Structure formats: structure tokens, C-alpha cells
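Here are a few friendly notes to read alongside the model. Please keep the viewer open while you go through the points.

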Amino acid sequence: MAKSQIEPGVPITLQELDPSSLFYKEGVSLRVTAMLRGYSVETAIGVIEDGGRSLKINTQNIRDVSLRVGSIYQFIGELHIEQPNNEAILQARTGRNVDGIDMNLYRKTIELLRKFLKEEDNSNMVE
Amino acid sequence: MENATILTIVELVHKGRAVTGSSSLFFSDATPTPHSSSESRPGAVDSDSSRKFLTPLNHPAVIVGTLALPSETLKCPNRYCFRFSDGDLTICCDILRFEIRAIGTKICVLSWNFLPMKHSGGFLEIIKWKFVDTDNLVSRCSFPLIPSLYSPQNVDRKSRYSVFGVLESISPVSVVPCQEGVSSDSVNLPGFLVHVMACECKEYNRDAIDCGHAFEKSVFVYLCGSMAASWHPAITKLVGSNVAFSGLKKKLVYVRGDSLLVFVTTENSVLYPPWLSKKQIVLKAGVDRRGNCGSYLGFVRGLYMRGKLVEMDEDVWLLLTDQIHNRSHSIRTGSLIFIRNVHLVNTKFSWGEVLILGACFKTSITVESFSPFETSCLVDSCRQTSLSRFIESLSFPARFWTLLVRSCFQKFDGMPSDKEILRSCQKDELTKLYAESRIPPSMFQPRGGIFTEFCVHESCGCNSEAHDCNLKLVMPISSFVHHIKVMLNELLSQIKKDFSASDFLSDSPSTWKRYNHTNMKTFRSEDTSVILLGRLKISSSGRLQLHDRTSSIDVLAPDLDINASRICEVSDYSIIMEGIPESMFHMPFLQNPLRCRSVVNPTPLAIENTLTVRFSLSLGTASCKHVLEHHPLDWRHDLNEFKEGMFHLFRVTHKFPILRNGHPGMPDCTSAFIEALVLPWELICTVTEEDAAAAPYFEEHDNTSQEIRPHKRYKTNNELERQRALSVPHEISCQMTIRCANSHCLVTAATLSNLRENKSGNMHSTKRVLLEFIPECSNYYALQIGGCYLMKHGTDDSFCVGRSGISNNDKIGFRPETRLWSVEFSFDEVLTHDGSVDVYPLVSSQPSLAVEQRNDSSSQPCSDVSLLLPYDAKRLFSVFLKDLEELNKPLAAGNDNNNIACCTQSEKIMHAEPSRVPPSNSLFPEGNLATFRGDIVAVDAVTSSVVDVSSSYCINVLVNHQIVKIFGPLRRHSYLTGFGPGASATFYRILGTGEENRFVLTSASFVKINSRKALDGPQLEKPTHRAALCLPKITHQEYVPCILAGPGCNSFSENKDNQQIKFACKVLSVYLLVLQTRSDDSSEKECRNNIVIPLAGFVVDDGSSIYLCWTSGERAFTILRLHEELPEEAIDVAQWIRRDSSRGTTAYHLEQIVRVHKRIVMKCNGSQIDALFQDITIAVTSDQLLTKSEDKFLKWLILNAISGPIWEVATSSMDMKMIDHLEREQCVKMETSRHNLQSVWGNEVCQVDPLVRAWSLLQGLLNS
């Protein structure tokens, strides 16, 4: 790891993870939630997909999570941009199965959380 | 006495007033004290103050005249009445303290009642009397039955027999046709039988009375001839005393093949009056029961149904149904009567127990004390109707029930006349038809003649009575309403009592109001066992009501055929009470026994209604039947309709609401429209006459559709294969089950034939048409969206008349007389495989019911016709029968995954797409139509305009955990009965607004109320499934265990304004649990469980802190998940054999253990946080040790509670005093201080759906 301090994983939706976004940077800590579309045992790389967007997950550091295609998982890890074609892959440091999650609700809570944190920040600054 | 004036009968009759008079007493006008009848106890008769006492004469008066036996000269409908004559006029009379000597002699009536009567001027009740001339009386100790030939010397050898003994019983006068003398004309000879327990000694010796006579021989004497028959009233008075007859002849009578010796009176017969013997002084007890028959002494409280039904005491009813009875006029309301030889039939009806006094031919009634009230006299109606004949053929409980039904039909008098019914059959006829359809065959009994039943009484049908009777009470509506009101009021007073003692910890009265509009309690018809008869109408306020002459009641029934002229029978319903206080909500309703009095005499007492509780009936499936449809001719007629008929098949896809006048932007339109798909198939049916005649009779509600199908094959495999080869076969054989009049089923073969277009090819496609119903056409209400229907094909039927074929968008007018049958399809596998028959309906004709009705009744087939098709046809027909929502689905299925990700197709909800709808320039709102089902959460008034539709209301509907808002003018929809929060409704074709989860009701939208939520009530078998809806059930006893009338009560009063805190939590562990068996109080026995949990302590975590939550009763039940089904692995199967679902619950198994050990106290001594390593001690009060499996089960109970869902608990804090009190009360050491946890008392518990909670939280946050 390049960074000495591990940052908390910022919850985002896959839709927000396009190359123009703030989060699309090397080494950013993220928390992503989406359905596992594919998984290769040899490479330990899985693909999650949500709302038409997908993201590769490197699961080599994950233990005790059985990965099943079609289930919904949440991963926390650092984003790694593979240079030649600017493709992102999340180096997952932990993950869990979150089957049964209401994705609509989850997206809304993310928005709400951000709004809350922002207000919190603002009020902190005023003080 | 000396001053008494002598009244003549002419004077009395002329005045025509009911009066009472006496020789000695003087009544001043100022203080009209009631009356002189010495023995009567008016207080015991009736508390009804409305009853009027007889007016006393204001001067002493006597009447002098002659008492005489009945004769032909006096025309009285009762025929065998005493006469009283003062020379000028003769009237009917009855007499107390009767002596035979008084007959034919002049008597002075000292104290009397006079009642005017139509037919003979009046009726005299002689209370006190004396002989005018006492000198001639001594010699008279024998009375010839035929006085004109009084010559005892002239003894015929044949008539030498005499009988003496105790007169046991007397029959009514009956008429025997016989030939008299030389003339061949047959003469109707009246006569009656008496039964005497006689002494076998040959000579009647008056002096040797008390020495050694043994009255053991049963003897019958027939008093024959009109002269002898006139002795009937006199001899009736002698029943129970000693009599003697002489001058009798012997005759052999054949009764049921056996010969019986009967003594018959002759011209020389003499009657000897009773003499006093020691044995004879019989005390007239209230009820004297000897075997099946007995005697009864009591006051008459009411006469109903022309005197056929006599109310005696509470729940004691005398039946005088036999036409032949000769009853005295003096059986009036208020009189004390003594009934001898009456059948005492204790009958358990489903609504309560009734003692029926069934009068038979042996029964005799004497009036012991005349009524002091001015009540009408009993007058026999000689008219014998078919109903009275029918009633006579029934057993006593059935007779009683039929009379109650008759009195209910009486309540339909004076209503908008139903010509159909009034013309063809009278109310009697209606009663008869209805009763015939309801009374099981076992309750009919063959009747013998009067001779048979009198002489061989024990062997005749009178003897075998059904004592349990599952006939349901038929009630007039006002009585029913009154009954509910009484029940509510009693409950309220109960609550008031409880509240005064327990304001703490229970709901404060302010919460009543807050939830008033949603608080509903329901109980089902099974609990009341009442059938209502009435007509349906729509009241001026737009509510559907069931009414009879007495009252009306609101009815919730979606899409019912409202034919205001027909009488409906409502048997399956729920009573919904809205707006009851929340605390009332948890209380079991006190089951008041229903009084039959309220049926025959529906004059409700004024009830002070302190509550504004609205109640209504919610009708169950097929619960509302037209009474006349039970007519046996009806079903045959029904089957005839199917005879060699061809039927159109169509499916209703949408119903357009009826547009009331004044709908904005719409012309006045009186027709109603239904959109339907006409299937390209025609049903050809071949019911033969023999089939119709042989249609078997099935018990009502019998689930017959599967059992009765003869599994015959109607196609060979070859044929089928040939059919399969074709893409669409021309004909499909099927089996048709026709249900008519709900008791008769007929299975027959039928053919489905494909309709051809222009003779060239198959008509592959269905045609979408618009059916128009004129207002008189009630079919509109009967048709259900999604249902399939049959209509008979004819030259002038609506589908064929005036057109060569049906094409899309045709408008087809329906006439009122058009008959439709609902049809359902099922597909049989036996025709293709050799396996067992596997019948399953693809679609029910009433899909809404099949889907939504979760109660038992939904399992019954509810369509008129079911078709069983070969399995191969399934593929073909599923096209037509697929989900209606699919058919109605607009094309705009969104590709926007983002938006519909959470809604699978099965959720039947479509979101109008937010971005795609372009801003429209059109005058009309645009959007996609949707159809979905949901629970109405709230209806708010709003004033906004959504998509150009001015909306006055916003309906919040919960659809799959999402709140959907529906806006609309709602003018029409708000009048739907049952519409409102708590209703489950289907919204058809509502318009998407472009915003997510927002819709608009249009004038084409149809709202159907499927059901109302039952929030509470015994029908909830698994409360946890509905835990989110149902509040905890607290019986009044367990409000809070600490509430006592003791000093401790006051110490809590400071907590009155204690705030309730609601939090969601999970159970971490069970700290303390006290289980015990329920007390033996009978009032609680009907509760489901016999376990009570007086105290339970749970360690709960709300995410931020840990509490010790104490609670009791149902709340503890809920948290322990006792109502849930026991998982397989939790029990040792060998030991706890599960048989049915009710036994599968945890509560059931726990009950087994608690029953053995009486009281179990489980306590956890270890860590509170980690449940798995708890040190649990279990103490029991019984002597028995806990078995290993019991121990295991109890520990599993704790684990089961811990693995429960998230609960929402409303709590209030507990102080030390309360904890102390609880400890003392339950004799347990709670040791709350040991763990440093805050103790709270859980008032309410309900399960939380985390998703619903999350969404509501989110909404709250977004709005804030």
C-alpha cells in the first residue's frame, strides 16, 4: 500500500464511478455495493454490476466470504487504475454478502448521508 | 258485598272496555291501585312498565249467572270454552277454583275480569265466586255426561264398566267420521281421550277411597259424541285429581297394528267428581320433570305468532304449534299457567340454550291465576296453512326455530312490495321454503294421529328429541343492532371500571381520540351464530345497507348484485366496529347470550349510547344469497337452461365506474360499461332431462368440485394426439360441473368449439368489446374484473343480435333479463398421463377472491360452472386466462433499470417514467395506466392540481412496502363502502403522473375494495405474521400486573404523565420468565392459550443502549414468538407429535409443559449480553422433575426469542416502587440493580419490518 494511513471507505454507487468523477483516482478508499456478475477463481477477480455499470473487484485478500454469482455484495477497498486503458479495479480489503438489500433505499441513504456530512462540515467550519 | 251492584253482561259488553271488578273492594278514581286478583304477582311477570293494568271498576259489583259447558250455540273459535249466561246474553268464560257442581247452577261472581272480544262480545275471567243457592248442592255427587237421558236404572249390559283413578292426561277434542244409525251419511263425531291411572278393583266405592286402592293400571277412556265432548273444559280442570266414570263400554282399538282396550262413554255414562284424598294434594312446583314429559308452572311473558309461541321465563318457550289444541282465552300475557304433560326439551342452539316446552296431544294447560294486565286474549285461528302443517312435522327445536324465522319474515311487511314473492307465495310459503332448505332431515318426525300419539305416546316420534341443534339464529336487524350496542356498552362500562383502577401504564384516554379513525375491531359471524335476513339498498348517503322493516345496518360488500326487491340471507360476515377506544380493542368481547325474545319482539330498549362507534357488516364470499333461490324448482330450471345450449364465453377486463349525474365534463349517462374480451370459443352443453332429475343433493358448503367428478375419460388417446397435431383444435371435450342453488351439483360433458371467421379459418384472436348495462341490469355488479362468464347463445342474445360477428370495439347492449354464469377453468392431467388426477384451477372466476381471501371460505369453488379441460388445452387457454394485469399493461414498460430495479414484475406495479413523458399540450392528462393492489394507509384532503386534474384527496396506499400516492377528485370513490384506511383495495387503470409513485384517479378508474383489515380478533391464528399491523393483545386482566386496588396503586400516580418512549430493539437475552397455567375462571377458557406470562424480563438492545424490558401477557407471548410455528429441529419428534397446525405452535408445546408443572420460573444468572453462555435456573412448582427434553425445550425458547426479529416497543420507565411491587406480587427476585441496566415496562410490542421502517424514516428525513 502506498498510503501509510488507511482511509475509511466512502460509500458510492457504481453509477458515480465514471472516469470524470472525483472518486476515480488511484488509491481512493471506497465502499461499493452491487450484484456479483462474474467471478474467476484463477484470478480471484470478480465483476459487480449495478444500474448498467460494472466494476472489477480483486478479491485475493478476502477470506471467509463465499462468492456466488447473482448475490449482492458490499466491498470496501482501494481503487487501482490500471494504466494502459485507464480501467479501474477495486483491491478489496473486506467484503460481505448483503443479499436482500433494497438498492433504491440504499442509494437514497447514500445521498442523505452525504447531505448530512456536508451540513456537518459546514457547521464545523462556522464554529 | 251488600252494597255491591249487580252488573249484567249486556252492560259489560255494551261498554266494551276491559275492566276488573269485585264485590267488596272499592277503588277510588284518585288512586287506581292495581287490581284484586289475589294470587298474581305482577312484579314477577315483567318489568316492562309499558303494560297497562286492567281498569278497576270504581264501585263494588258482582255478576250473577249460570256457568255452562260449551255448546254449538256460542260461536267461539276456541270452541271448547266455558259459557257464562245471565239469561240475556252468553259469553265465553274461564273460572278459577272450578267445581263440577257449578256447572248448570246459578253462581254469583264476586271478583272478575272482563275483556271485550270481537266474536262473542267478551270474555269473563271468574276469579272468586260462590253458589247462590247452597241448599240443593249436597245431593249432587254424580254427573251424567249426557244429562237428557239421566236414568241410571236403565243400565245396558254392555255399558257396565266403570273406571276410577287419577286423571293423568287429556287429549284435545278431535273429530272422527262415523256412520250413525241407519242413515248412510257419515257424521263427524267429536270426542276426546283421557288417560287414567286406575285401580283394578271392579267396584267403585266412594267410601273406600283411601283404603288400599292402587292406581297402577293405565286405562284410556274415550268421551265420544258432541255432548260428551262438551265436557272437555271441565275435565281439563280435573287433570291430576281423582275421577271416576261409570257406565262405560269396552272397545278394542287398533293403534299401529296393536290392539288397545279403550273404554267408551255411552248414554248412561256418569262422571263422579274428585274427592280429596291424601295422595292427591300435589304441590304445583315450578318445573316437575318425569322422564321426557313434565309439568311447568310459570307466568306468561308474551304471546307471539298467533299464540303459537308463548314466552314463559327467560329462555323458556312454550310451543303450541298443533292446530288441534283447544286453548283457553285466559292464556294471556301476565297469567300464571300450569302446563301438564309437556315435553321439556333442553336445546342447545348455536346461539345459546333454550328450554322448549313442547306441547303435544297429552298436554293440558290450566290457568292458575288470571293476568292483571290488559292484554289480548288468545284466539285460535282455525286456518290450517301449509306452514302450520310443515311445522307440525318437525321436532320441537326445529319448530321453535321455524317460528323464529317466520317472525323474521314478518318484518318484511309493508316494505316496497316484492311482487315476485308476494304474488307467488305468501310469507308462510317463504318461511317454509327457507326452513326446508335449512333444517336437516333428522329433525323431521313422522306424525301419527291423535289416537296413536296419545295412547302409545312413548313410542311415537315425540319421544326422541335432538338436543343439540346447529341451526343458526335468524334475527331482525334491529335486534341484531341492539345486541351489538348492548355488548359495546357493557364492554365500555367494564373498561371504565378498569381504567379507574389503572390509568397508569395503559393508554390514556387521549390516545383514543388520536387513533379513533383507524381503530377497528372485528368479529366473525361464527362467534355470533346469527343469520340476518334483509334487503340490500343504497341509502341516501351512498352507503350500502341491509335493511328490514325494523332497522338497517351498513354493509361492506364490493360489487354485489343489489336487487332491492329480493330478500337476502347473510350468514358469512364480519362485524366491523370502527372508532372504538384503543384499550377496548384488546379486550375480549363478552359473549352475551342472544335472547330469542328479541327476535319475536324487536322493540329495542333505548340504549344510552355513550360511544360513537360505527359498525358495519363485511360480507364474506358468497355469503349473501337470495332466499328464494333455494326454491327446489329453481335449480331444475337452472339446469334446463343448460339443456342443449350454446354459450358465449367472455372475460371481463375492466369495469368502468357508474358515472353519477354531475360528473365534471361528462354528459349525464345512466348506463354502466364493462370492457370484456370475447373468447373465440363457444361452449356446447348437453344436459339431458335425466341428468337434471338425477342431480345429486349435496350439503351446503361441501367442497364438492373434486370429489364428485367421475374420472371418466372422454377422449381416446388417439383423438387427442390428432388434436395435438393441429395447432388449434376445432373442438375440445370437457367436463362441466354446474352448481345451482348452492346445494345441487351436476356433472356433465360439454364441448368447447372454436369459432370460425367467415368459415375459412379459426378465429385466433379474442375480440375486445364494450358491454353496456342499462341501470335496471344488475349484472353489472355481479361481474368481476378478471372473471370469465358464460352467456347463453340465442337468436336474440346480446352478442348475436343485429350483427354477423363480433369485431373489436363493438358496443354490446345488455338487457336486464340476460343471465350470466361465472365460469372457471381447470386442467386435468389424467387425460394425458396415467398418473393421478391433478386438478388445479388456472384462474378462478373471481381472481381477486382467490388471491386475497385468506380465510377458509376462499377454498370453496365460487363459480357457477367449472370446466375441466384436458391438460393439453392449458397452453391454448392460458393465453386468454393469463394475468389480467398483463392484459391491462400499457406498452411503456420502462427500460430504465434504475427506476424499476426494486419492483419485479410480480409486484404488479408500474412506474410511470419520470423523464420520458414530454410536456403535453393536450387538454387531457397524459400518462401510463397502471393497476395495482394495496392497503390504504390514509386518505388526506389536499388542494392541489396534479397533471391538470384538480384533486381534493390524496390516498396513500402501501404497495409492496412503498407508499404510493393516488390523487383524485374522489367524489365517487369516497362513497364506496368500506373505503378508507385499513381497506385493501385494487385500483384499476389509474393514471401515472410522471412522478414516481404518484397516480391520479380518472373517471375510468375503477376501485374495488377487496377486504378490510382485521386488526384484531380471534380469527388471527398467527398474529406474528401480521404483527406490524396488530397491536399487542392485552386482555383486561393483564393490563399491568402491578395495578392493584392496594396502596401500591397510588404510588404510581405520579407516573401518570410519564412519557411513552418507542424504540426498535432486538432481544439479547431473556432475563426472567414466569410461566403459569391460566386460572380456572370460565370466562377465560375461550382464549386460545392456557398459559399466562405474568412477568417476563428481556434484555433488549436498541442500537445505542441496553435496557431491561419488563412486560407480561400477550406482549411477552409476542416477543417469545410463541404464536409462531415450531421449527422442526426444535422438538423431539417422537415425543411431541405434531398433528395439525394449531398444535404446531410453540405455545402449544409450551402449554403441555406448563400444564404439568403449573408454574415455571426461568432465570438467567449469567451474563446478560451473551445469551449462549447463560447460567439458567429453572424452578417449577409441581413435584415433578423437569425431563431432559422439557429442559431442552425451555432453553430453546430463550434462544428462539433471541433470534427473533426487530421489535418496536413502546415503553415507560419503571421506578423502584414498581419493581418492588412486581417482585412482591410475583414472588421473584428481579435483582434489577445487579446489572446496572435501566428497567422499562413494555406497553406495546409490534414487529418491525425494517424496510418499511427505513423507508418511512427516509421519507421523514427527506421532508424535514
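A salt bridge here is a side-chain nitrogen of Lys or Arg within 4 Å of a carboxyl oxygen of Asp or Glu.

1. Ground rules. This is a predicted model in which local features need pLDDT of at least 70 and side-chain atom pairs count only at pLDDT 80 or more, while totals for chains, interfaces and linings use all residues. Residues are numbered from 1 along each chain as its sequence is written, chains are lettered from A and ligands numbered from 1 in the order in which they are written, and side-chain values use heavy atoms, with hydrogens and water left out.

2. The interface. Between chain B and chain A, the rule finds 0 salt bridges. There is 1 residue pair in polar contact, with both residues at pLDDT 80 or more (N or O atoms within 3.5 Å; within protein, one able to donate a hydrogen and the other to accept it, and residues adjacent in sequence count only through two side-chain atoms). On the chain B side, α23 (897-900) and α29 (1250-1263) each supply at least two of the residues that touch chain A. The largest share, 6 residues, comes from α29(B).

3. Its extent. The size of an interface is often given as the accessible area lost when the parts come together. Here about 900 Å² is buried between chain B and chain A, with carbon and sulfur atoms giving 68% (area lost by the two parts on being put together, 1.4 Å probe, summed over both). Chain B brings 9 residues to the contact and chain A brings 7 (heavy atoms within 4.5 Å).

4. Chain B as a whole. You will find 29 helices and 58 strands in chain B (DSSP runs numbered from the N terminus: H or I of at least four residues for helices, E of at least two for strands). Of its 1264 residues, 54% are buried (under 20% relative accessible area; exposed is over 50%, partly exposed in between, with a 1.4 Å probe and protein chains only). Among contacts in chain B with a separation of 6 or more, 76% join residues 24 or more positions apart.

5. Is B:His648 buried or exposed? B:His648 counts as buried because its relative accessible area is 7%. This histidine lies in strand β34 (residues 645-655).

6. A:Val41 is in the loop between β2 (29-40) and β3 (45-50). A:Val41 counts as exposed because its relative accessibility is 65%.
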